[in-house]
Amino acid sequence: MSMAVVGLLAGMALGFAGYFGGFGAFLLVAALGAIGFVAGRFLDGDLEPGEFFRARERDDRRR
């Protein structure tokens, strides 16, 4: 399944949630979709748990 189809399905789900459940349902579906996306990427091996907790390294640090 292409990413365009996945985006279409996600948009339709958000649209239905917003129409039938209001703005609160829209936000709930969007948040759960984001959590599911991150969990799926983690289970596929595309993300490491440490990537969320590591400090960003910058070359131009000011002291």
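**Entry: the contact.** I am working from a predicted model. From α1, Ala13, Leu14, Ala17, Gly18 and Gly21 take part. They meet Phe23, Ala25, Phe26, Val29 and Ala30 of α2. I then sorted this contact by class and got 8 nonpolar residues, 2 polar ones and no charged ones.

**Entry: the packing angle.** Next I looked up the axes. Those of α1 (residues 3-21) and α2 (residues 23-44) come within 6 Å of each other. They cross at roughly 155 degrees. Angles over 145 degrees count as roughly antiparallel, and α1 and α2 are therefore roughly antiparallel to each other. I also checked the hand: the crossing of α1 and α2 is right-handed.

**Entry: helix lengths.** I compared each span with the one expected at 1.5 Å a residue. Helix α1 has 19 residues and reaches 26 Å from its first C-alpha to its last. That is close to the expected 27 Å. Helix α2 has 22 residues and should span 32 Å. The C-alpha atoms at the ends of α2 are 31 Å apart, which agrees.

**Entry: after the helices.** Which phi does the residue just after α1 take? Gly22 sits there, with a positive phi of about 90 degrees. I looked just after α2 as well. Gly45 takes a positive phi of about 90 degrees.

**Entry: aromatic rings.** I counted 3 aromatic pairs, taking ring centres within 6.5 Å as the cut-off. Phe16 and Phe20 form an aromatic pair, and it is stacked. Their ring centres are 6.0 Å apart, with 10 degrees between the planes. Both residues lie in α1, 4 residues apart, about one turn of the helix. An α-helix has 3.6 residues a turn, so residues three or four places apart point the same way.

Methods:
Residues are numbered from 1 along each chain as its sequence is written. This is a predicted model: local features need pLDDT of at least 70, side-chain atom pairs count only at pLDDT 80 or more; totals for chains, interfaces and linings use all residues. Side-chain values use heavy atoms; hydrogens and water are left out. Axes are lines fitted to C-alpha atoms, for helices over the stretch in contact, and angles run from 0 to 180 degrees between N-to-C directions. Helices (H or I, at least four residues) and strands (E, at least two) are DSSP runs, numbered from the N terminus. Angles under 35 degrees count as roughly parallel, over 145 as roughly antiparallel, 65 to 115 as roughly perpendicular and the rest as oblique. A crossing is left-handed if the near helix is turned anticlockwise from the far one by less than a right angle, and right-handed if clockwise. Contact means heavy atoms within 4.5 Å. Ala, Val, Leu, Ile, Met, Phe, Trp, Tyr, Cys and Pro count as nonpolar, Asp, Glu, Lys and Arg as charged, and the others, Gly among them, as polar. The expected span of a helix is 1.5 Å times one less than its number of residues. Rings of Phe, Tyr and Trp (its six-membered ring) pair if their centres lie within 6.5 Å; planes under 30 degrees apart count as stacked, over 60 as edge-to-face and the rest as tilted.
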